[in-house]
Amino acid sequence: SHANYTLQISPHSYINPEHLEFFRFIGRVVGIAIFHQKFVDAFFVSSFYKQILGMQVTLEDMESVDTDVYKNLNWILENDVTGLGTVFCVDDDQFGVVREEELKPGGRDIDVDNDNKAEYVELLVRWRIVSRIQEQMGAFCRGLFEIVPRPLLAIFDDKELELLIGGIAEIDVADWRANTVYRNYSDQEDIIQWFWRCVAEEFDDEKRARLLQFSTGTSRVPVNGFKDLQGSDGPRKF
């Protein structure tokens, strides 16, 4: 992951021939934790929770998986790609062996242009986040749903599921504020003072966690505090 405090499934976990049994076991462990109302000291990328719930993965989910790919795909959507030389293929590096994967049938012969670039981005996101780890994710979910049936989790959205699995951390508002940067404002202006007073005095831990989720993609605070917070382009303060 782009951050040292969120986890994602490796698409190359098959190097261990028993990897699917391990993922099923991990799913059962998470299920038992939920059943007994215990929290798991692990936070996953946003797409992980979405896939458990069968939700659609979007380009925004790529930000927490691979920031470079996220920025490149945004660039493609926002710019003229005529003559770029990109096709509906992607190179997959599997332990030093590069394999060419088609994003759709005949993809190596289909150029990406301004008319089909949105489809290219959608297919690449699906391949990068979903397709490559389908087996692992399926094994995890089998284990999870053996303990907590799928319909019982269907009432949650992905943000609520993150809090259900990982719990609501105690957030140090003073540390948060000390590691915040401002654009066109200063720490002393009324609206900034009101904001922090609201977060510190009016918000409970759940509301603070949801604010952090909304702004960073995860409710997880880095081990070393807010000074290590991550943005879409690497380390970046709130």
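User: In this predicted model, what makes Asp 109, Asp 111, Asp 113 and Asp 115 a patch of negative charge on the surface?

Analyst: Asp counts as negative, and like charges are joined into a patch within 9 Å when the residues have over 30% relative accessible area and no salt bridge. Asp 109, Asp 111, Asp 113 and Asp 115 gather in such a patch. One of them, Asp 111, is placed in the loop between β2 (97-102) and α5 (117-129).

User: Why is Asp 111 called exposed?

Analyst: Exposed means over 50% relative accessible area. Asp 111 has 51% relative accessibility, and therefore it counts as exposed.

User: What makes Tyr 14, Ile 15 and Phe 95 a nonpolar surface patch?

Analyst: Nonpolar side chains, among them Ile, Phe and Tyr, are joined within 5 Å if the residues have over 30% relative accessible area. Tyr 14, Ile 15 and Phe 95 make a patch of this kind, of about 340 Å². Ile 15 belongs to the segment before α1 (19-35). Its relative accessibility is 60%, so Ile 15 counts as exposed.

User: Why are Cys 89 and Cys 141 called buried?

Analyst: The term buried requires a relative accessible area under 20%. Cys 89 has 11% and is therefore buried; Cys 141, at 9%, is buried as well. As for disulfides, a pair of cysteine sulfur atoms would have to lie within 2.5 Å, and by this rule the count is zero. Across the protein, buried residues make up 43% of the 238 residues.

User: Why is the link between Arg 28 and Glu 146 called a salt bridge?

Analyst: A salt bridge needs a side-chain nitrogen of Lys or Arg within 4 Å of a carboxyl oxygen of Asp or Glu. For Arg 28 and Glu 146 the N to O distance is 2.4 Å, and the pair meets in a salt bridge. It links distant parts of the chain, 118 residues apart, with Arg 28 in helix α1 and Glu 146 in helix α6 (residues 134-147). Arg 28 and Glu 146 also belong to a network of salt bridges with Glu 21 and Arg 24. The structure holds 14 salt bridges.

User: How do you know that Lys 104 and Glu 119 meet in a salt bridge, and what does the pair tie together?

Analyst: The limit is 4 Å, and the side chains of Lys 104 and Glu 119 meet at 3.0 Å, N to O. Lys 104 lies in the loop between β2 and α5, whereas Glu 119 is in helix α5, so the pair ties together parts 15 residues apart in sequence.

User: Why are Arg 210 and Glu 206 separated by about one helical turn?

Analyst: Both residues are in helix α11 (residues 205-216) and they are four residues apart, which means a separation of about one helical turn.

Note on methods: Residues are numbered from 1 along each chain as its sequence is written. This is a predicted model: local features need pLDDT of at least 70, side-chain atom pairs count only at pLDDT 80 or more; totals for chains, interfaces and linings use all residues. Side-chain values use heavy atoms; hydrogens and water are left out. Accessible areas come from the Shrake-Rupley method with a 1.4 Å probe; for residues, only the protein chains shown count as cover. The place of a charge is taken as NZ of Lys, CZ of Arg, CG of Asp or CD of Glu. Helices (H or I, at least four residues) and strands (E, at least two) are DSSP runs, numbered from the N terminus. Buried means under 20% relative accessible area, exposed over 50%, partly exposed in between (1.4 Å probe, protein chains only).
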